[in-house]
Amino acid sequence: MSADQKRVQYYSRKMEEGYRFMQEMMRYPVAECGEPLESLVDAAAGLDVEFSSSQIVTGINRMFLLRRGLIADFLLIAREMNERGWVLKVEDGYRTCQMQKLLSRKPVVFDSILQWTMRELDGKIPDVKLLTRRVASMTASCPKIGTHMSGSAIDISVLHRDDRTELDRGASYLAMCELTPMASPFVTAEAQKNRAEITGLMAKHGFIAYPWEFWHYNKGDAYAEYLLKTGRPGRYGAIDWNVAEGAITPIQNPLTLLNSEAEIQSEIEQALQRLGHQSK
Ligand SMILES: [Zn+2]
C-alpha cells in the first residue's frame with residue numbers, strides 16, 4: 001500500500017469511528033442544569049488570552065461564551081498557560097444552531113470533507129448518504145451531538161507567549177484531514193508531544209480531549225461523561241440563547257437534522273463547481 005493510501009485508509013477508519021461515537025451521543029442521557037452562558041472575553045480581562053478574529057462564517061461573528069460553571073476552570077487553564085509561557089487562543093465556544101448549520105456548509109470545511117471522501121472512493125463523487133456521514137463525523141449534524149450548542153465545548157489553539165507563534169500541533173485550527181484526529185500518527189513527534197501537553201493541562205481542569213479533533217475540548221456534557229465513562233448524564237445539553245435577556249432555553253427537538261439530505265446534495269453540487277468538477 002502506498003503512503004498516500006495509508007493516509008486515506010486511516011482517515012476513513014477515524015471517520016467511521018467518529019460517526020459511531022456520534023450515534024452513541026444521540027442516545028446519551030442529558031439532565032440539563034440550566035446554567036446561563038457567560039462571556040469568556042469579560043472573564044479573561046487582565047489575563048493574556050487571545051480570541052480568534054475570524055468570523056465563523058461570512059457575516060457572522062463568533063460569540064466566545066461558555067456555561068457559568070465552566071468559567072473558573074477556563075480561567076485556571078488560561079492562567080496556567082501564561083505561567084508556562086503559553087497563551088490560550090480561543091478559536092470558538094458556544095454556537096447557535098444557525099451558526100452550527102452554516103459552519104457545516106462553509107466552503108473551506110465542506111470542500112475539504114468532499115475532497116477527502118472522493119479520495120476514499122478513488123476520485124468518484126460520493127452519494128449524499130456517505131457525505132452526510134462524513135459531515136456528521138466532522139461537524140455536528142443535529143443539536144444533540146454538537147456540544148458547541150451546549151455551551152460546554154471550546155476550540156483552542158496555543159501560542160508561545162514570547163513571539164506569539166502557534167505551538168506546532170501538526171496542523172492549524174479547522175484542518176479537516178488525516179492530521180485532525182488527536183492521535184494521528186502522521187504528525188511529527190514534536191507535534192504529538194505538544195498535543196499531549198496541552199491535553200494534560202486541559203484535563204487537569206476537567207476539559208476532556210475529543211479524540212477526533214485535536215483542538216476540541218469539553219466539560220460536563222455528554223461527550224465528557226461518555227469519554228470519562230462516569231455513567232452520569234451530561235449536565236449541559238443543547239440550548240438556545242436569548243441575547244437580549246441573557247436567558248437560555250433547552251432546544252425542544254435536539255435530534256432534528258441541521259442540514260437535510262437535500263441541502264447536503266445541493267452543497268455537494270456547489271462544492272463540485274467550486275472545485276472545477278463537472279456536476280451530473
Ligand atoms: Zn469544536
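Axes here are lines fitted to C-alpha atoms, for helices over the stretch in contact, and angles run from 0 to 180 degrees between N-to-C directions. Keep in mind that this is a predicted model.

Q: At roughly what angle do the axes of helix α1 and α5 cross?
A: Two packed helices are described by the angle between their axes and the distance between the axes. Helix α1 covers residues 3-27, and its axis comes within 9 Å of the axis of α5. The crossing angle is roughly 115°.

Q: Is the crossing of α1 and α5 left-handed or right-handed?
A: Handedness tells you which way one helix is turned from the other. For α1 passing α5, the crossing is left-handed.

Q: Which residues in α5 does α1 meet?
A: Let's start from the α1 side, where D4, R7, V8, Y11 and S12 take part in the contact. By class, the contact of α1 with α5 has four nonpolar, one polar and four charged residues. The partners in α5 are I113, W116, R119 and E120.

Q: Are α3 and α7 oblique or roughly perpendicular to each other?
A: The axes of α3 and α7 come within 9 Å and cross at roughly 140°. Angles over 145 degrees would count as roughly antiparallel, and 65 to 115 as roughly perpendicular. The crossing is right-handed. The two helices are therefore oblique.

Q: How many charged residues are in the contact of α3 with α7?
A: On the α3 side you will find I77, E80 and M81, which meet I198, L201, M202 and K204 in α7. The residues of this contact divide into five nonpolar and no polar, and the charged ones number two.

Q: How far apart in space are E190 and D168, C-alpha to C-alpha?
A: E190 is found in helix α7, residues 189-204, and counts as partly exposed at 43% relative accessibility. In sequence, E190 and D168 are 22 residues apart. In space, their C-alpha atoms are separated by 7.3 Å.

Q: How many residues apart in sequence are the parts that R68 and E38 tie together?
A: The structure holds 27 salt bridges, and one of them joins the side chains of R68 and E38, at 2.4 Å from N to O. R68 lies in the loop between β3 (65-67) and α3 (71-83), whereas E38 is in strand β1 (residues 37-39). R68 is partly exposed at 47% relative accessible area, and E38 is partly exposed at 26%. The pair therefore links parts separated in sequence by 30 residues.

Q: Which helix holds R274, the salt-bridge partner of D111?
A: The side chains of D111 and R274 meet at 2.7 Å, N to O. D111 counts as buried at 10% relative accessibility, whereas R274 is partly exposed at 37%. D111 lies in helix α5, and the pair ties together parts 163 residues apart in sequence because R274 lies in helix α9.

Methods. Residues numbered from 1 in each chain as written. Predicted model: local features only at pLDDT ≥ 70, side-chain atom pairs only at ≥ 80, totals over all residues. Heavy atoms only, no water. Salt bridge = Lys/Arg side-chain N within 4 Å of Asp/Glu carboxyl O. Helix = DSSP H or I, 4+ residues; strand = E, 2+ residues; numbered from the N terminus. Buried < 20%, exposed > 50% of the residue type's maximum accessible area, 1.4 Å probe, protein only. Contact = heavy atoms within 4.5 Å. Nonpolar A, V, L, I, M, F, W, Y, C, P; charged D, E, K, R; others polar. Parallel < 35°, antiparallel > 145°, perpendicular 65-115°, else oblique.
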